[in-house]
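Welcome! Please take a moment to look over the sequence and the 3D structure before reading on.

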Amino acid sequence: MKFFLPLFLLLALLTGSQPLSAQSWTKAEQVAPNYFTIRQQFLDHWVGKTPEKGSGWKVFKRWEWQWQDRIMADGSFPAANFNQNEWNKYKATHPA
């Protein structure tokens, strides 16, 4: 038991200090995500490559299709409470 605790702590320290990135094609310095810049980074990453099974191509294309009609004109994503805010505005201007 005394052997496992230091080993566990060492393992936790080593694995916890590794930088994590789910998408290898993203740029870490990007502060505010923008649909157009994310899409362009993805397309730039795949120039001259053929998508293979499990590479994330289909997942990204689904994400791209989902967001293409939901983003703001400048490419920014709506706030999480966007629909609620719009509903509150509507209720305020159309009293029952």
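Predicted model: local features only at pLDDT ≥ 70, side-chain atom pairs only at ≥ 80, totals over all residues.

Residues are numbered from 1 along each chain as its sequence is written, and side-chain values use heavy atoms, with hydrogens and water left out.

**Salt bridges**

- Side chains of opposite charge can pair when their charged atoms come close.
- How many salt bridges does the model have? The count is three, where a salt bridge is a side-chain nitrogen of Lys or Arg within 4 Å of a carboxyl oxygen of Asp or Glu.
- Arg39 pairs with Glu64 in one of them, with 2.3 Å between the closest N and O atoms. This pair links distant parts of the chain, since Arg39 lies in helix H2 and Glu64 in helix H3 (residues 57-67), 25 residues apart.
- Helices here are DSSP runs (H or I) of at least four residues, and strands (E) are runs of at least two, numbered from the N terminus.
- Lys61 also forms a salt bridge with Glu64, its closest N and O atoms being 2.7 Å apart. Because Lys61 and Glu64 are three residues apart in helix H3, about one helical turn separates them.
- Glu86 and Lys89 meet in a salt bridge of 3.2 Å, N to O. These two are three residues apart in helix H4 (residues 82-93), so they too are separated by about one helical turn.

**Glu64 and its surroundings**

- Arg39, Lys61 and Glu64 are linked in a network of salt bridges.
- Is Glu64 buried or exposed? Glu64 counts as buried because its relative accessible area is 8%; buried means under 20%, exposed over 50%, and partly exposed in between, with a 1.4 Å probe and protein chains only.
- Its two partners are partly exposed: Arg39 has a relative accessible area of 30%, and Lys61 is at 29%.
- Leaving aside residues up to four places away in sequence, Glu64 touches Tyr35 and Arg39, where contact means heavy atoms within 4.5 Å.
- Glu64 and Phe36 are 28 residues apart in sequence, and their C-alpha atoms are 9.8 Å apart in space.

- Glu86 counts as partly exposed because its relative accessibility is 35%.
- Lys89 is exposed, at 52% relative accessible area.

**Asp44 in helix H2**

- Asp44 sits in helix H2 (residues 35-45) and is partly exposed, at 47% relative accessibility.
- The side chains of Asp44 and Gln40 are joined by a polar contact of 2.8 Å. A polar contact is a pair of N or O atoms within 3.5 Å; within protein, one must be able to donate a hydrogen and the other to accept it, and residues adjacent in sequence count only if both atoms are side-chain atoms.

**A nonpolar patch**

- Which residues make the nonpolar surface patch of about 360 Å²? Phe3, Phe4 and Leu7 make it.
- Patches are made of residues with over 30% relative accessible area and no salt bridge, joining like charges within 9 Å and nonpolar side chains (Val, Leu, Ile, Met, Phe, Trp, Tyr) within 5 Å. Accessible areas come from the Shrake-Rupley method with a 1.4 Å probe, and for residues only the protein chains shown count as cover.
- Leu7 belongs to helix H1 (residues 4-16) and is partly exposed, at 43% relative accessibility.
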